[in-house]
Amino acid sequence: MSRIVIIGGHGRIALQLAQRLTGSGHAVTALFRNAAHRDAVADTGATPVVFDIEHAQTDAIAAQLAGHDAVVWSAGAGGGEAARTYAVDRDAAIRSIDAAAVAGVRRYVMVSYIGAGFDHGIAPDDGFFAYAEAKAAADAHLRDSALDWTILGPGRLTDDAGSGRVADGANADSGTPVSRANVAAVAAAVLDAPGTVGRTLDFVDGDVPIETFVGGD
């Protein structure tokens, strides 16, 4: 059994991930901002912890991560105001990476998006620009860290049922769909796959079993 903490624990991917992990016998702690979501998080089998990641400093985050074996970042500002997007998707994410190092939690899985990077090509006046810049910065900070990281780059998220099958997203664009259920399944699989350390996995819905995709070269 592993002890896993999910940051952004009330998100639609996070809830499915927590249920999947607890169902496999792992102990899950889910951090989320809104106390009204406590019951929904608890229903997954995870331990719910109300925690404002946006405003927490590194030491406070480290205290929440201490004692766990792995961290999954699945938080996000959800679009809208650019300032809050930078505050959550960039600044808080970077602090959580530093906090994992402080807490001695080496395994870190980041849920990003397909094609994320500073060469994203999004125009500054596009509403997606702040998110693209924020994720690029957070992903780069994680790659530069000494953690055992994996970055997940799913395509356009849908609420379709999980098929348990994906495809390599190397030649796909951000509009190619992937179900949140499949993203949760990939996140769970990489936690048990040491071969994914130091890798960025871009993926979309497809025909390859997730276990094969995660375990492949």
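Trainee: What are the ground rules?
Mentor: This is a predicted model, so local features need pLDDT of at least 70 and side-chain atom pairs count only at pLDDT 80 or more, while totals for chains, interfaces and linings use all residues. Residues are numbered from 1 along each chain as its sequence is written, and side-chain values use heavy atoms, with hydrogens and water left out.

Trainee: What makes a run of residues a strand or a helix?
Mentor: Both are DSSP runs, numbered from the N terminus: helices are H or I with at least four residues, strands are E with at least two. Strand S5 covers residues 107-111.

Trainee: Why is S5 called mostly covered?
Mentor: Buried means under 20% relative accessible area, exposed over 50%, and partly exposed in between (1.4 Å probe, protein chains only). Five of the five residues of S5 are buried.

Trainee: Which residues of S5 lie on which side?
Mentor: Arg 107, Val 109 and Val 111 are on one side, Tyr 108 and Met 110 on the other. Both faces are covered.

Trainee: How do you know that S4 and S5 pair?
Mentor: Two strands pair if DSSP finds at least two bridges between them. S4 (residues 70-73) and S5 have four bridges, in the parallel sense. In S5, Tyr 108 is the bridge partner of Val 71.

Trainee: What is the sense of the crossover from S4 to S5?
Mentor: It is a right-handed β-α-β crossover, and the chain passes through helix H4 (residues 82-103) on the way. The test: with the strands pointing away from the viewer, the path from the first strand over the helix to the second runs clockwise.

Trainee: What joins S5 to S6?
Mentor: Five bridges, and S5 and S6 (residues 148-154) run parallel. Asp 148 in S6 is the bridge partner of Arg 107. S5, helix H5 (residues 129-143) and S6 also make a right-handed β-α-β unit.

Trainee: Why is the contact of Asp 69 with Arg 3 called a salt bridge?
Mentor: The rule asks for a side-chain nitrogen of Lys or Arg within 4 Å of a carboxyl oxygen of Asp or Glu. For Asp 69 and Arg 3 the closest N and O atoms are 3.0 Å apart, so the pair meets the rule. Asp 69 lies in the loop between helix H3 and S4, and Arg 3 in strand S1, so the pair ties together parts that are 66 residues apart in sequence.

Trainee: What makes Glu 54 and Arg 84 a salt bridge?
Mentor: Their closest N and O atoms are 2.9 Å apart. Glu 54 sits in the loop between strand S3 and H3, and Arg 84 in helix H4, so the pair ties together parts that are 30 residues apart in sequence. Glu 54 is buried at 16%, whereas Arg 84 is partly exposed at 25%.

Trainee: How many salt bridges does the rule give?
Mentor: Six. One of them joins the side chains of Arg 90 and Asp 91, at 2.7 Å from N to O. Arg 12, Asp 159 and Arg 180 are linked in a network of salt bridges.

Trainee: Why is His 120 called buried?
Mentor: Its relative accessibility is 17%, so it falls under the cut-off for buried. His 120 is in the loop between S5 and H5.

Trainee: What does His 120 touch?
Mentor: Contact means heavy atoms within 4.5 Å. Leaving aside neighbours within four places in sequence, His 120 is in contact with Tyr 113, Phe 129, Ala 132 and Glu 133.

Trainee: And His 10?
Mentor: His 10 is in the loop between S1 and H1. At 28% relative accessible area, His 10 is partly exposed. Leaving aside neighbours within four places in sequence, its contacts are Leu 15, Phe 32, His 37, Ala 40 and Val 41.
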